[in-house]
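Please take a moment with the sequence and the model shown below, and keep both at hand while reading. The paragraphs that follow go from strands to charged pairs, then to a sulfur link and a single residue.

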Amino acid sequence: QVQLVESGGGLVQAGGSLRLSCAASGRTFSFITMGWFRQAPGKEREFVAAISRSGASTSYADSVKGRFTISRDNAKNTGYLQMNSLKPEDTAVYYCAADRIKTAQSMGVMGTGRGIDYWGKGTLVTVSS
């Protein structure tokens, strides 16, 4: 089992930055692919970014490419999502996700993320205009 706890959400003005963290416990962190999904009010959950076990490979949704950066520190059992140039349409609950088998690229085409092994409870990001 893997337990995931997100932190770092909050209220920020458009153009600002936030860094989300995902602390993992349980199964060895370096054995799992990690990703971020988000769900805006009234919309389905969608893929944001994913990173491979070693951190060498990443995948991003087109809507966040060039603005968001995913990373991980396996020594600290923690993953991160650096979000820059935030827009009001980035407002959503952001969920950390982890999987034992899927790659960063395969996680990137999973749409809502149904079937992913582990999920955090989410952290709210609100971007004001």
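**Strands, charged pairs and a disulfide**

Strand S3, covering residues 18-26, and strand S8, covering residues 78-83, run antiparallel and are joined by six bridges; strands here are DSSP runs (E, at least two residues), numbered from the N terminus, and two of them pair if DSSP finds at least two bridges between them. Within this pairing, Ser-21 stands opposite Tyr-80 in S8.

This is a predicted model, in which local features need pLDDT of at least 70 and side-chain atom pairs count only at pLDDT 80 or more, while totals for chains, interfaces and linings use all residues. Residues are numbered from 1 along each chain as its sequence is written, and side-chain values use heavy atoms, with hydrogens and water left out.

The two strands belong to an open sheet of four strands, which has the order S1-S3-S8-S7 and antiparallel pairing. At its edges lie strand S1 (2-7) and strand S7 (68-73), each of which pairs on one side only. On average, neighbouring strands of this sheet are turned by 15° against each other, direction ignored, where the axes are lines fitted to C-alpha atoms and angles run from 0 to 180 degrees between N-to-C directions.

The charged side chains come next. Side chains of opposite charge can pair when their charged atoms come close. The model has six salt bridges, a salt bridge being a side-chain nitrogen of Lys or Arg within 4 Å of a carboxyl oxygen of Asp or Glu. One of them joins Asp-90 and Arg-67, with 2.7 Å from N to O. This pair links distant parts of the chain, since Asp-90 sits in the loop between S8 and strand S9 (92-99) and Arg-67 in the loop between strand S6 (58-60) and S7, 23 residues apart. Asp-90 counts as buried because its relative accessibility is 0%, and Arg-67, with a relative accessible area of 10%, is buried as well; buried means under 20% relative accessible area, exposed over 50%, and partly exposed in between, with a 1.4 Å probe and protein chains only.

Another salt bridge is formed by Glu-46 and Arg-38, whose closest N and O atoms are 2.7 Å apart. Glu-46 counts as partly exposed at 34% relative accessibility, whereas Arg-38, at 6%, counts as buried. A further salt bridge brings together the side chains of Lys-102 and Asp-99, at 3.2 Å from N to O; here Lys-102 is partly exposed, with a relative accessible area of 22%, and Asp-99 is buried, with 1%. Salt bridges that share partners join Arg-38, Glu-46, Arg-67 and Asp-90 into one network.

How many disulfides does the structure hold? There is one disulfide, meaning a pair of cysteine sulfur atoms within 2.5 Å, and Cys-22 and Cys-96 form it with their sulfur atoms 2.0 Å apart. The link is left-handed, with -80° about the S-S bond. Cys-22 lies in strand S3 and Cys-96 in strand S9, so the pair ties together parts that are 74 residues apart in sequence. Both Cys-22 and Cys-96 are buried.

Strand S9 also holds Ala-97, which counts as buried because its relative accessibility is 0%. Leaving aside neighbours within four places in sequence, Ala-97 is in contact with Leu-4, Thr-33, Met-34, Gly-35, Phe-37, Ile-116, Tyr-118 and Trp-119, contact meaning heavy atoms within 4.5 Å. Ala-97 and Val-2 are 95 residues apart in sequence, and their C-alpha atoms are 9.9 Å apart in space.
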